[in-house]
Amino acid sequence: MSQPPYPQIPESAALPGCWWHPKRQTGLSCVRCGRPACPDCLREASVGFQCVDCVESGQRVDKEQRKQYEAAGYGQRTITGALMPRRVVVTPVLIAINVLVFLLTVVQSGSVTNNNGGSEIGAGGWLDSVRVAHDGEYWRLFTSGFLHDGLLHIAVNMLSLWMLGRDLERAMGPLRYTAAYLVSLFGGSVAVVLFAPDRPVVGASGAIYGLLGAILIALLRLKLNPTQALVIIGVNLVLSVSIPGISLFAHLGGLVAGAIVMAAMVYAPEKSRKVWQSATTAAIAVALAGLFVIGEVRLDGQTCVVAQPERDHYVCSAGS
């Protein structure tokens with residue numbers, strides 16, 4: 001035979017070198033840009049293999065397109081219609097604020113157990129219903145939710161906030177979650193003014209119970225089994241009654257307020273959902289303010305005498 005059984009590759013037709021490693025000969029190339037690339041410089045793509053530069057370029061383009069897509073109001077939505085947040089932000093911020101305020105009260109008072117009684121922040125911030133009604137110190141309705149009595153109190157509340165808040169913030173979105181938290185806090189304070197104005201109250205428990213109420217409504221909306229949530233709520237309410245010094249009405253007020261806000265969020269009609277949610281949440285806040293006015297007027301018509309000066313524990317009776 002004068003011809004070989006297969007064609008010979010002349011030396012002049014040697015394989016090209018890798019674009020990134022010129023000394024490495026390769027018969028492979030990027031399906032996107034066509035440049036020769038060795039196996040170390042190729043990445044598996046949906047079709048064929050792409051070089052590292054094309055992969056990075058594609059990731060940058062995808063990231064920019066995703067940002068534009070979400071900025072236009074598209075993307076994965078939560079149960080409340082909010083865009084799915086990439087990370088939890090509000091819950092850690094709330095925890096940080098509570099811990100910072102606690103540390104400030106400890107520094108001012110020089111005590112971990114009596115941190116509010118011996119600090120200006122604690123004395124000026126706890127929920128004193130009589131001072132709110134008689135002296136117009138309305139800020140106490142909210143500042144009390146960021147004060148705690150002792151290390152155990154803040155540890156339990158912040159652990160509960162972290163465990164409940166993370167998932168709920170993802171489900172509601174940061175803005176709706178913040179609104180539910182603050183309205184729940186306000187609802188707990190209003191319930192104290194209405195039904196238990198005789199002693200001061202501190203703690204984030206009212207807002208945290210509001211998160212429990214919101215989770216219960218979310219489970220019902222998703223048609224999931226609410227038994228576990230109901231058991232947790234029931235056990236906590238029993239503890240609120242059994243353990244001295246715990247404000248049952250702050251817990252109940254927060255629980256009801258949080259549940260109502262969440263119901264307004266998840267049962268809002270899909271058309272004009274944002275408007276409906278905003279208007280309903282504002283209406284709930286206004287209704288709570290109206291209930292507070294009722295409690296304030298009633299306290300204005302009573303004479304309150306300090307029974308325990310160290311914590312402003314009052315005894316109130318009708319009279320001028």
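Colleague: How much space lies in the largest pocket?

Modeller: The largest pocket of this predicted model holds about 1200 Å³. A pocket is an open set of points on a 1 Å grid over the protein atoms alone where a 1.4 Å probe fits, with protein on both sides within 12 Å along at least five of seven lines; lining residues have an atom within 4 Å of a point. Points are joined across faces, edges and corners, and the volume is the space filled by probe spheres set on them.

Colleague: Which residues are the closest to its centre?

Modeller: His153, Ser205, Ile246, Ser247 and His251, out of 46 residues that line the largest pocket.

Colleague: And which helix gives the most to the lining of the largest pocket?

Modeller: Helix 6, with 8 residues. Helix 7, helix 8 (205–221), helix 9 (227–242) and helix 10 (248–266) are also among the elements that each supply at least two. Helices are DSSP runs of H or I with at least four residues, strands are runs of E with at least two, and both are numbered from the N terminus.

Colleague: What does that lining have by class?

Modeller: There are 25 nonpolar, 17 polar and 4 charged residues around the largest pocket. Nonpolar covers Ala, Val, Leu, Ile, Met, Phe, Trp, Tyr, Cys and Pro, charged covers Asp, Glu, Lys and Arg, and the others, Gly among them, are polar.

Colleague: Next one down. How much space lies in the second largest pocket?

Modeller: About 310 Å³. The second largest pocket is lined by 15 residues, and Asp167, Ile215, Ala218, Leu219 and Ala229 are the closest to its centre. Two or more of its lining residues come from each of helix 6, helix 8 and helix 9.

Colleague: Where does the largest share of that lining come from?

Modeller: From helix 6 again, with 5 residues. The lining of the second largest pocket divides into 12 nonpolar, 2 polar and 1 charged.

Colleague: Helix 6 keeps turning up. Which of its residues meet helix 2?

Modeller: Gly150, Leu151, Ile154, Met158, Leu161, Trp162, Gly165, Arg166 and Glu169 in helix 6. On the helix 2 side the residues are Val90, Thr91, Pro92, Leu94, Ile95, Asn98, Val99 and Phe102. To meet here is to be in contact, with heavy atoms within 4.5 Å. By class, this contact has 11 nonpolar, 4 polar and 2 charged residues.

Colleague: Single residues now. Is Ser189 buried or exposed?

Modeller: Ser189 has a relative accessible area of 4%, so it counts as buried. Buried is under 20%, exposed is over 50%, and partly exposed is in between, using a 1.4 Å probe and protein chains only. Ser189 sits in helix 7 (residues 174–195).

Colleague: What does Ser189 touch?

Modeller: Leu127, Leu141 and Ser144, once residues up to four places away in sequence are left out. Ser189 and Gly206 are 17 residues apart in sequence, with 7.6 Å between their C-alpha atoms.

Colleague: Where is Ser119 found?

Modeller: In the loop between helix 2 and helix 3 (120–125). Ser119 is buried too, at 4% relative accessible area. Thr105, Gln108 and Ser109 are its contacts beyond four places in sequence.

Colleague: And Cys41, which residues is it in contact with?

Modeller: Cys18, Trp20, His21, Gln50, Cys51 and Val52, leaving aside neighbours within four places in sequence. Cys41 comes in the segment before strand 1 (42–44) and is buried, with a relative accessible area of 4%. Trp20 is 21 residues from Cys41 along the chain, and their C-alpha atoms are 7.5 Å apart.

Colleague: Backbone check. What is phi of Lys223?

Modeller: Near 60°, which is a positive value in a residue other than glycine. Lys223 is in the loop between helix 8 and helix 9, and its relative accessibility of 76% makes it exposed. Ser272 also has a positive phi near 60°. Ser272 belongs to the loop between helix 10 and helix 11 (273–300) and is partly exposed at 48%.

Colleague: How many helices and strands in the protein chain?

Modeller: 11 helices and 4 strands. The chain has 320 residues, and 40% of them count as buried. Of the contacts between residues at least 6 apart in sequence, 58% join residues at least 24 apart.

Colleague: What are the ground rules for the model?

Modeller: Local features need pLDDT of at least 70 and side-chain atom pairs pLDDT 80 or more, while totals for chains, interfaces and linings use all residues. Numbering starts from 1 along each chain as its sequence is written, and side-chain values use heavy atoms, with hydrogens and water left out.
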